[in-house]
Amino acid sequence: MSTPIVESLAAQPPRVDSRLPHVGTTIFTVMSALANEHGAVNLGQGFPDFDCDLALVDAVNQAMREGLNQYPPMAGVPALRKAVSDKVATLYGHRYDADREVTITAGATQAIITAVLAVVHPGDEVIVLEPCYDSYGPSIELAGGRVVRVPLTPRSFRPDFDLIRRALTSRTRAIIVNTPHNPSGTAWSEHDIESLAQVLRGTDVLVLSDEVYEHMVFDGGTHQSVARHPELAQRSFIISSFGKTYHVTGWKVGYVCAPAPLMDEFRKVHQFNVFTVNTPMQHGLARYMADPAPYLELPGFYQAKRDRFRAGLAGTRFRLLPSEGSYFQCVDYSAISQLKEEDFCRWLTSEAGVAAIPLSAFYASGFEQQIVRFCFAKQDATLDKALERLARL
Ligand SMILES: Cc1ncc(COP(=O)(O)O)c(C=O)c1O
């Protein structure tokens, strides 16, 4: 009887060679599931546990009620592109043309992969500075590029420009930089930006500058956008996220600014991998951006949370690393445990009731430093509850 064989063959989906064979479930998903299972305070995944400004929700609602519910222009709603262009010009002194040089994206992650697909050809090399956000490597690999991993200096997480210079080859197409930095919480200085410009001078290397935490720089520091540096701005895609700035990570709306020739290439890819981003969110964000106060007040808002969290941690056996920006605080746990970082995070979640993320998860090699990352974008009560538990260790 041949029928059963045919049926069983037909029941199998065709075999697929994975484009990303090394990618599995991310540590963020794993730790969040473990946190739920154990009723732990989740300081792992990077998102706020408080709501956004209801005025922003009202602005989106109003746009929907006004009937702004159909496809917007491919590059984004003009009013939002203008609001972004105005903000960047005011804060960083570089005017991007709202029509040709600003594009609204479905969050920063889509912006990053779209920029990579737009400029990276098979065999091109792209430098990433590790530890880094987990989408960079797979985006480069999907474009057929080669990921060249340059470490930030262990424990201080400062960029080492000699190492970056040595990593440049005739095949280098781009470098991805990120300030303020996830996961370390460091922020680049003006000197760092100048050093980057020097290293790249005379090359055709492009910069993908991930600036999603641009409005979270503390202690009176200045966000060092590559837009501030005319020479770098000419070779850069700047990527940001309304999700981070306005406490709406689930809306997945962000933007990219780049000189027109780069943006032309970006839009060729963008129009086929998302085409457009949801219309009422864009109108709502454009109206909300008329008032700069929410983003101008953000450093103070998050600095207060950072200070509260650090003051509490000072009374524990964790050793604090600097947190100059972003909403992350890294700590050294070597006085508490000799476990490897991921094992320590699992133990911390299940036994102490607080979830964190191992820094090794941000290195392809799984490099170990006995450091974990906490996210302090949480209500004060959440932070206090976590601190109470951490103080017992
Ligand atoms: C450094 C960095 N870049 C990009 C993103 C993604 O932003 P979005 O949610 O807008 O895609 C994140 C989110 O955690 C991030 O930390």
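Two strands are taken to pair if DSSP finds at least two bridges between them. In this predicted model, 4 strands form an open sheet in the order β9-β10-β13-β12, with antiparallel pairing. Strand β12 runs antiparallel to β13 (residues 371-375), and 2 bridges join them. P358 has V372 of β13 as its bridge partner.

Helix α14 (residues 298-313) packs on this sheet, where it touches β9, β10 (328-332) and β13. The direction of α14 makes about 15° with that of β10. A further helix, α15 (residues 341-352), lies across β12 and β13 and runs at about 45° to β13.

Aromatic contacts were examined next. The count comes to 21 aromatic pairs. In one of them, Y246 and Y288, the ring centres are 5.0 Å apart and the planes stand at 85°; the pair is therefore edge-to-face, as planes over 60 degrees apart count as such. This pair links distant parts of the chain, 42 residues apart: Y246 is in the loop between α10 (242-245) and β8 (254-257), whereas Y288 is in helix α12 (residues 279-288). Y246 has a relative accessible area of 4% and is buried. Y288 also counts as buried, at 12% relative accessibility.

Y333 and F344 form a stacked aromatic pair, with 3.9 Å from centre to centre and 5° between the planes. Y333 lies in the loop between β10 and α15, and F344 lies in helix α15, so the pair ties together parts that are 11 residues apart in sequence. Both Y333 and F344 are buried. Elsewhere, ring pairs link F50, Y213, F301, Y302, Y327 and F328 into a cluster.

Two lysine residues are placed over aromatic rings. K87 lies over the face of Y295, at 5.5 Å from the ring centre. The charged end of K378 sits over the ring of F47, 4.4 Å from the centre of that ring.

H229 is found in the loop between β6 (206-210) and α9 (230-233). With a relative accessibility of 13%, H229 counts as buried. Leaving aside residues up to four places away in sequence, H229 touches I193, E194 and A197. Of these contacts, E194 also takes part in a salt bridge with R201, at 3.5 Å from N to O. E194 is partly exposed at 31% relative accessibility, and R201 is partly exposed at 43%.

The whole structure contains 24 salt bridges. Among them is the bridge between D380 and R308, whose closest N and O atoms are 3.5 Å apart. This pair links distant parts of the chain, with D380 in helix α16 (residues 380-390) and R308 in helix α14, 72 residues apart. D380 is partly exposed, at 32% relative accessibility, and R308 is partly exposed, at 35%.

R308 forms a salt bridge with D384 as well, and here the closest N and O atoms are 2.8 Å apart. Because R308 lies in helix α14 and D384 in helix α16, the pair ties together parts that are 76 residues apart in sequence. D384 has a relative accessible area of 31% and is partly exposed. Salt bridges that share partners join K305, R308, D380 and D384 into one network.

Definitions and conventions:
Residues numbered from 1 in each chain as written. Predicted model: local features only at pLDDT ≥ 70, side-chain atom pairs only at ≥ 80, totals over all residues. Heavy atoms only, no water. Contact = heavy atoms within 4.5 Å. Axes fitted to C-alpha atoms, helices over the stretch in contact; angles between N-to-C directions. Phe/Tyr/Trp six-rings, centres within 6.5 Å; stacked < 30°, edge-to-face > 60°. Buried < 20%, exposed > 50% of the residue type's maximum accessible area, 1.4 Å probe, protein only. Lys NZ or Arg CZ within 6 Å of the ring centre and 35° of its normal. Salt bridge = Lys/Arg side-chain N within 4 Å of Asp/Glu carboxyl O.
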